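Thanks for coming, everyone. I'll walk you through one structure this morning. Please have a look at it before I start.

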Amino acid sequence: MDRAQKAELVAELNSTFSETSVVVITRNLGLTVAQSTALRGKMREVGASYKVAKNRIAKIALEGTPYAPISDMLTGPTALATSSDPVAAAKAAVEFAKTNDKLEIVGGAMGETLLDANGVKALAALPSLDELRAKIVGLVQAPAQKLASITQAPAGQLARVFGAYAAKDAA
């Protein structure tokens, strides 16, 4: 890789760090190509990305971003998972690490908040942005549904009473 390619990679990583909500650092302890491809696929499904970059290049790209403090975690064979949803990358990485012991969660950051491995796991336990939106919609709809059923109940009772009187008179 020549200097121009390295400069382009640093610029690309820097823009990724500037636009993302969370960065999760993982350590690769011997993932096969198939396992790495499966992890990348899971990341793509949730809207996250997974990138292996040399630690030196990643450290240079981290300079000037809110994620600069995580450069100390970049030792050994590491990779970076990023996403705009604060929970997506952490959730995908933690779920994959549960089923594969060759991927270790090192830590990460959410904005300027530094996270250790347990912090990333706690972040992964939170519901995703889409799940929270669905819960809010459900909470907003619930009172309207209850109001509709309450207002329909007396009318239904009256109809049943009139029906009973009609059946009594007909008999």
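One definition first. A residue is called buried under 20% relative accessible area, exposed over 50%, and partly exposed in between. Take Glu-104. Its relative accessible area is 33%, so Glu-104 is partly exposed. Keep that scale in mind. And keep in mind that this is a predicted model.

Now to Glu-104 and its partner. The side chain of Glu-104 meets that of Arg-27 in a salt bridge, at 3.9 Å from N to O. Where do Glu-104 and Arg-27 lie? Glu-104 is in strand β4, residues 103-110, and Arg-27 is in strand β1, so this pair ties together parts that are 77 residues apart in sequence. Arg-27 has 18% relative accessibility, so Arg-27 counts as buried.

How many salt bridges are there by this rule? The count is two. The other pair is Lys-51 with Glu-12, and the closest N and O atoms are 3.6 Å apart. Lys-51 lies in strand β2 and Glu-12 in helix α1, so parts 39 residues apart in sequence are tied together. Back to our scale. Lys-51 is partly exposed, at 30% relative accessibility. Glu-12 is partly exposed too, at 39%.

Helix α1 covers residues 3-19, which is 17 residues. From first C-alpha to last it reaches 24 Å, close to the 24 Å expected at 1.5 Å a residue. Which residues of α1 are buried? They are Leu-9, Val-10, Leu-13 and Phe-17. These four cover an arc of only 100° around the axis, which puts them on the same side of α1. On the other side, Ala-4, Glu-8 and Glu-19 are exposed. What covers the buried residues of α1? The cover includes strand β1 at 22-28, strand β2 at 48-51, helix α3 at 55-62 and strand β3 at 78-83.

Let's turn to α3. Its buried residues are Asn-55, Ile-57, Ala-58, Ala-61 and Leu-62. Seen down the axis of α3, they fall within an arc of 160°, so they line one face of the helix. Their cover includes α1 and β3. Just after α3, Gly-64 takes a positive phi of about 85°.

Stay with Leu-62 for a moment. Leu-62 sits in helix α3. At 1% relative accessibility, Leu-62 counts as buried. What does Leu-62 touch, leaving out residues up to four places away in sequence? The list is Phe-17, Tyr-67, Ala-68, Ile-70, Ser-71 and Leu-74. Phe-17 is one of the buried residues of α1. Leu-13 is another of those buried residues. Leu-62 and Leu-13 are 49 residues apart in sequence, and their C-alpha atoms are 7.9 Å apart in space.

Next, the loop between α1 and β1. Ser-21 lies there. Ser-21 has 25% relative accessibility, so it counts as partly exposed. Its contacts, not counting residues up to four places away in sequence, are Tyr-67, Ser-83, Ser-84, Asp-85, Pro-86, Ala-109, Met-110 and Gly-111. The C-alpha atoms of Ser-21 and Ala-89 are separated by 9.6 Å, and the two residues are 68 apart along the chain.

On to helix α5, residues 117-125. Which of its residues are buried? Gly-119, Val-120, Leu-123 and Ala-124 are. Viewed down the axis of α5, they fall within an arc of 140°, so they line one face of the helix. On the other side, Asn-118 and Ala-125 are exposed. The cover over the buried residues of α5 includes β1, helix α4 at 88-99, β4 and strand β5 at 113-116.

Last stop: helix α6. It spans residues 129-170, with Leu-158 in it. Leu-158, Val-161, Phe-162 and Tyr-165 form a nonpolar patch on the surface. Together they have about 430 Å² of accessible area. Gln-145 is also found in α6. Is Gln-145 buried or exposed? It is exposed, at a relative accessible area of 54%. Gln-145 and Ala-166 are 21 residues apart along the chain, and their C-alpha atoms are separated by 31 Å.

Methods
Residues numbered from 1 in each chain as written. Predicted model: local features only at pLDDT ≥ 70, side-chain atom pairs only at ≥ 80, totals over all residues. Heavy atoms only, no water. Patch = residues over 30% accessible without salt bridge, like charges linked within 9 Å, V, L, I, M, F, W, Y side chains within 5 Å. Areas by Shrake-Rupley, 256 points an atom, 1.4 Å probe, with all protein chains shown as cover. Salt bridge = Lys/Arg side-chain N within 4 Å of Asp/Glu carboxyl O. Helix = DSSP H or I, 4+ residues; strand = E, 2+ residues; numbered from the N terminus. Expected span 1.5 Å × (residues − 1). Buried < 20%, exposed > 50% of the residue type's maximum accessible area, 1.4 Å probe, protein only. Arc of directions from axis to C-beta. Contact = heavy atoms within 4.5 Å.
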